[in-house]
Amino acid sequence: MSGVVFDSRESKNILMSANAFYTLKNNLNNNIGSYKTKGFLFRLGKEFGFESAKNKLQSHKLKNEVGKSHSRLGHVKDVIFMGEIVRHSDGKVECIDTWGQWVESFEAQLHLENSGLAEECVCHMLCGFASGALSYEYGESIIAVEHKCVAKGDDVCEFEVRLEKDWLAERGELIDLYQNDNILTELEMTYDALMQHKQALEKISKFQGQLTQQVTEKHSMDEIVETAHELLDIPILIEDIHGNPLSHIGLTEEQLELIKIETEKLSFVSDKHNVEYYKGNTFWKLTAPVLINKRNYASCSFFYFNSKPIDDNDHMFLGRISTVVSLCILYEEAQFEEQQRMRSSLLERLIHNRNLEYIESYYKFLPFKFQPPFSTGIISVRKKTDCKEIIDIHDQMTQLARAAREWDLPCIFAVLGEEIALLNSHQGDKEDWKKKMMKVFQKVEKHNKDYRYSLGISGIFSNFKDFEYSLKEARVAQRFPNEKLLTDYEELGMIGDIVKNMSVNQLRDMAKKTLKDLYNFDDPRKKELLYSLYVYLLNSQRLKETTDELMLSIGGVQYRIKQIEEQLQVSLKNASTAAYILLVIQMLILTNSLDFGEFAK
């Protein structure tokens, strides 16, 4: 390669320490980003190399002088340069297998000392310096590109030199970055970007202000979401933690169904500032959690159909909407809790028989029509498995009240010991009311899969003087051992009336006379025989069903029945005797005098 010797005349240079260079680079990274910083440092080095070469003698030994300049200026300890750069007689310049190495690059060393290992080459200013010096000498745009770097763990800092036009096909994006406009244009671009960012922040701030104002003015969630859609023109969906829609706008029924179908098939793409990006077959989804006291109450999502582009600022708008929705939910929670306390206090006054003469005047404060006829209910909540975890009865009551509100059921709930009391106003058919109540419990059970519920409903009454009796009826129905979710006292017939109108002591005396030695519930063997008798009678004395439930052979069941008849001194073939014994056992269960829980597991 022909070379050029530098002129001894040097232009005045401002020397910069390594620490000052690192400070410059670090500030550039923080303000314009690492990508643009590469181009900035390359162009800075290129200007430096161009001026350095300009002040050298115009010889043809520049490859050696470039290395000497690097060393003299403290950029590197030494430069190894191989290959040739040839200028042909027709003026055409050709780079022939030209490459080199920087020994102890200051840029690589600075990066290792301050930031550790890099993920890419970092000697951008050195590349620029070599490119500027060679370009000046040969009058052709020549660019040095580093492909090995000590800063990223390589043994050496190695670069390759080619004409710009030869680089374009292979590293076009890097060359475009290196050959970008001058520093002033870069600063102008940065200023424009900052202005756009400032305008976006002002728009977002105004957006949040408008939504927050609506919350303070007690607008509903639907109204707030509608306002957000008017401002952004993006379909919005608010869902609870179970995936049930709370509010939506800008989505057709077909799109809602499509979203429901594809939810499980979405592919996670990325996470930006607590907003997650998902891609489906036909749409993109941005979703953010709705948090209250660090607990996830719901989710807020944007949807993009028909390849509609996602704006870079959309995640910030979505974050603001989720914050405002959390305020809306918090307000609704507080409002609901206040209403629930007022309703519970009405029912508690009835339960404890306090100030009943004025109770009807409070009906007007209820959000639904509440008038006779009434019925009461007792709800039991139990864990399906044995554990020491305490059931939050108040939380269970709140869940039931919310579900009842969704079905427009005029109900009042209150905690009664470890159970939940219920007062209903029946404006229509009781059977229709029971169907709706079953749906309420099915929804609550879906969200509480470890819990078992049972509801007992009293007969109809119109005067609150009969409330106490109706509460007894509800408790009798709830305790009836039929394994049903809902039991109506009016369907129990005679057995319900007997239990309600007899004292516990009277019922126990009757049971002792009927069951004789089997009344000893502390004897495991006798209690097991009594349970076998109960199952046998419940199955109308059919052996197959009894053996299946008790997991005994037919001979085993027959042997137990024979033992039972001997102890009771009766024949179970007598239908009236069998019916009476079953009635007695059921009354013991209803009054909590007998529990077959250990056998029924």
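**View A. Arg 162 and Glu 160 form a salt bridge, with their closest N and O atoms 3.0 Å apart.** A salt bridge here is a side-chain nitrogen of Lys or Arg within 4 Å of a carboxyl oxygen of Asp or Glu. By that rule the count comes to 14 salt bridges. Glu 160 is partly exposed, with a relative accessible area of 25%; buried means under 20% relative accessible area, exposed means over 50%, and partly exposed is in between (1.4 Å probe, protein chains only). A word on what you're looking at: this is a predicted model, where local features need pLDDT of at least 70 and side-chain atom pairs count only at pLDDT 80 or more, while totals for chains, interfaces and linings use all residues. Residues are numbered from 1 along each chain as its sequence is written, and side-chain values use heavy atoms, with hydrogens and water left out.

**View B. Glu 120 and Lys 38 meet through their side chains in a salt bridge (2.9 Å, N to O).** This pair ties together distant parts of the chain, 82 residues apart: Glu 120 sits in the loop between α3 (106-115) and α4 (124-138), and Lys 38 in helix α1 (residues 18-54). Helices (H or I, at least four residues) and strands (E, at least two) are DSSP runs, numbered from the N terminus. Glu 120 counts as partly exposed, at 39% relative accessibility, whereas Lys 38 counts as buried, at 15%.

View C. Glu 528 is partly exposed at 26% relative accessibility, and Arg 525 is partly exposed at 35%. Elsewhere, salt bridges with shared partners join Lys 430, Glu 431, Lys 434, Asp 488 and Glu 490 into one network.

**View D. Helix α15 crosses helix α18 (residues 575-590) at roughly 120 degrees, with the axes coming within 10 Å.** Axes are lines fitted to C-alpha atoms, for helices over the stretch in contact, and angles run from 0 to 180 degrees between N-to-C directions. α15 and α18 are therefore oblique to each other; angles under 35 degrees count as roughly parallel, over 145 as roughly antiparallel, 65 to 115 as roughly perpendicular and the rest as oblique. The crossing is left-handed, meaning the near helix is turned anticlockwise from the far one by less than a right angle (clockwise would be right-handed). On the α15 side, look for Leu 530, Leu 533, Tyr 534, Leu 537 and Leu 538; they meet α18 residues including Ala 578, Ile 581 and Leu 582. Contact means heavy atoms within 4.5 Å.

**View E. Helix α15 also packs with helix α16 (residues 543-550), the axes coming within 9 Å and crossing at roughly 135 degrees.** This pair is oblique too, and the crossing of α15 and α16 is right-handed. Tyr 531, Ser 532, Val 535 and Tyr 536 of α15 make the contact with Leu 543, Thr 546, Glu 549 and Leu 550 of α16.

**View F. Five strands make an open sheet with mixed pairing, in the order β12-β13-β11-β14-β15.** β12 (411-416) and β15 (486-488) are the edge strands, each with a single partner, so one side of each has no neighbour in the sheet. On average, neighbouring strands are turned by 20 degrees against each other, direction ignored. β14 (residues 451-457) and β15 pair in the parallel sense over three bridges; two strands pair if DSSP finds at least two bridges between them. Leu 455 stands opposite Leu 486 in β15. Helix α12 (residues 467-479) packs on the sheet, touching β11 (374-383), β12, β13, β14 and β15, and its direction makes about 40 degrees with that of β11.

**View G. Six strands make an open, antiparallel sheet in the order β6-β5-β10-β9-β8-β7.** The edges belong to β6 (245-249) and β7 (267-272), each with a single partner strand, so one side of each is left without a neighbour in the sheet. β7 pairs with β8 (residues 275-279) in the antiparallel sense over five bridges, and the bridge partner of Asp 271 is Glu 276 in β8. Helix α7 (residues 221-232) packs on the sheet, touching β5 (236-240), β6 and β10 (295-305).
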